Amino acid sequence: MTKTTTLQSVEKTIRVLEVFPQFDRPLVTLSEVAEALGWSRPATHQYLTTLVHCGWLQQDTKRQYRLSVRAATFGRFATAHAGVPEAVTRRMHALMQRLEEPISFAVRNGGSALIVERVEPQRSLAVRREAERQLPLGSTSGHVLLAFDPHATAEEQAPHIDAIQEIRERGYSVHRAVWMGDAIEVVAVPILQGEECLGALSVIAPEGRMNLDDAITEMVDSRRAIEADLAAQHPH
């Protein structure tokens with residue numbers, strides 16, 4: 001297969017923009033961006049300066065950077081016209097009703113997984129915690145994205161290769177971990193549209209509260225249903 005030729009300057013520019021949501025605050029410094037990207041300060045400064053010149057970033061008097069109004073306008077347009085597909089959100093609500101646990105949909109965002117949609121059951125006397133929106137690629141959803149995203153590089157996959165191979169064989173990921181001090185169980189599946197991985201659909205619950213076999217069956221069945229809906233809406 002012939003390797004596609006890409007422009008590294010464009011790839012790097014996109015990586016710079018993808019860094020900003022990772023900080024979860026409006027203003028960041030040159031050093032913070034450089035550290036997050038693993039780049040030198042001079043190289044990072046060149047890309048930041050270019051984005052300021054093009055109107056995608058703004059720099060304040062303290063030499064901190066923030067996304068501009070132009071970026072916000074583009075974001076609103078993307079939300080309206082390129083948001084989470086209705087087939088995904090519809091199945092998420094159905095899954096939440098059947099499993100009675102939070103359901104999330106995460107997408108790749110640079111070197112992390114970003115939760116862009118989440119639905120939760122309403123429980124009486126429940127202690128609500130703000131869910132993390134930014135997850136590492138070493139998380140359950142992150143592993144699924146690395147396993148099925150055709151744009152994931154060998155360098156990104158290398159630290160997780162064993163988990164990735166197992167997920168590809170199964171078609172889903174099951175993981176036990178500690179989150180915010182509690183032992184949890186997570187089941188995640190990819191959502192594919194053609195050769196593209198749109199995101200990772202997951203269910204999370206305290207360890208032992210949900211039946212894992214049932215959860216796996218529901219998640220896998222929902223993946224098939226969503227992908228069938230997407231294929232019917234956008235036939236090749």
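Visitor: Let's start with helices α5 and α9. Is their crossing left-handed or right-handed?
Guide: The crossing of α5 and α9 is right-handed. Keep in mind that this is a predicted model.

Visitor: Okay, and at what angle do the axes of those helices cross?
Guide: The axes of α5, residues 86-99, and α9, residues 212-233, cross at roughly 160° and come within 10 Å. An angle over 145 degrees counts as roughly antiparallel, so α5 is roughly antiparallel to α9.

Visitor: Which residues make that contact?
Guide: On the α5 side you'll find Ala 87, Val 88, Arg 90, Arg 91, Leu 95, Arg 98 and Leu 99. From α9, the residues include Ala 215, Glu 218, Met 219, Ser 222 and Asp 229.

Visitor: How do the residues of the contact between α5 and α9 divide into classes?
Guide: Nine are nonpolar, two are polar and five are charged.

Visitor: Is Glu 100 buried or exposed?
Guide: Glu 100 is exposed, because its relative accessible area is 51% and the cut-off for exposed is over 50%.

Visitor: Which loop holds Arg 63?
Guide: Arg 63 is in the loop between β1 (57-59) and β2 (65-67). Arg 63 is not a glycine either, and has a positive phi of about 65°. With 55% relative accessibility, Arg 63 counts as exposed.

Visitor: Switching topic: how do α1 and α2 cross?
Guide: Helix α1 (residues 8-23) and helix α2 (residues 30-37) have axes that cross at roughly 105° and come within 10 Å. Angles of 65 to 115 degrees count as roughly perpendicular, so α1 is roughly perpendicular to α2.

Visitor: And who touches whom there?
Guide: Arg 15, Val 16, Val 19 and Phe 23 of α1 make the contact with Glu 32, Val 33, Ala 36 and Leu 37 of α2. By class, that gives six nonpolar residues, no polar ones and two charged.

Visitor: What about α6 and α8, at what angle do they pack?
Guide: Helix α6, residues 140-148, packs against helix α8, residues 161-170, at an angle of about 75°, and their axes are 9 Å apart. These two helices are therefore roughly perpendicular to each other.

Visitor: Which residues meet between them?
Guide: His 143, Val 144, Leu 146, Ala 147 and Phe 148 in α6 meet Ala 163, Ile 164, Ile 167 and Arg 168 in α8. The contact of α6 with α8 has seven nonpolar residues, one polar and one charged.

Visitor: Now a single residue. Where does Thr 50 lie?
Guide: Thr 50 lies in helix α3, residues 41-53. At 42% relative accessibility, Thr 50 counts as partly exposed. The C-alpha atoms of Thr 50 and Thr 13 are 9.0 Å apart, while the two residues are 37 residues apart along the chain.

Visitor: Zooming out, how many helices and strands are in the chain?
Guide: The chain has nine helices and eight strands. Of its 236 residues, 39% are buried.

Visitor: And how much of the chain is exposed surface?
Guide: The chain exposes about 14,100 Å², and carbon and sulfur atoms supply 52% of that.

Definitions and conventions
Residues numbered from 1 in each chain as written. Predicted model: local features only at pLDDT ≥ 70, side-chain atom pairs only at ≥ 80, totals over all residues. Heavy atoms only, no water. Helix = DSSP H or I, 4+ residues; strand = E, 2+ residues; numbered from the N terminus. Buried < 20%, exposed > 50% of the residue type's maximum accessible area, 1.4 Å probe, protein only. Areas by Shrake-Rupley, 256 points an atom, 1.4 Å probe, with all protein chains shown as cover. Axes fitted to C-alpha atoms, helices over the stretch in contact; angles between N-to-C directions. Parallel < 35°, antiparallel > 145°, perpendicular 65-115°, else oblique. Left-handed = near helix turned anticlockwise from the far one by under 90°. Contact = heavy atoms within 4.5 Å. Nonpolar A, V, L, I, M, F, W, Y, C, P; charged D, E, K, R; others polar.
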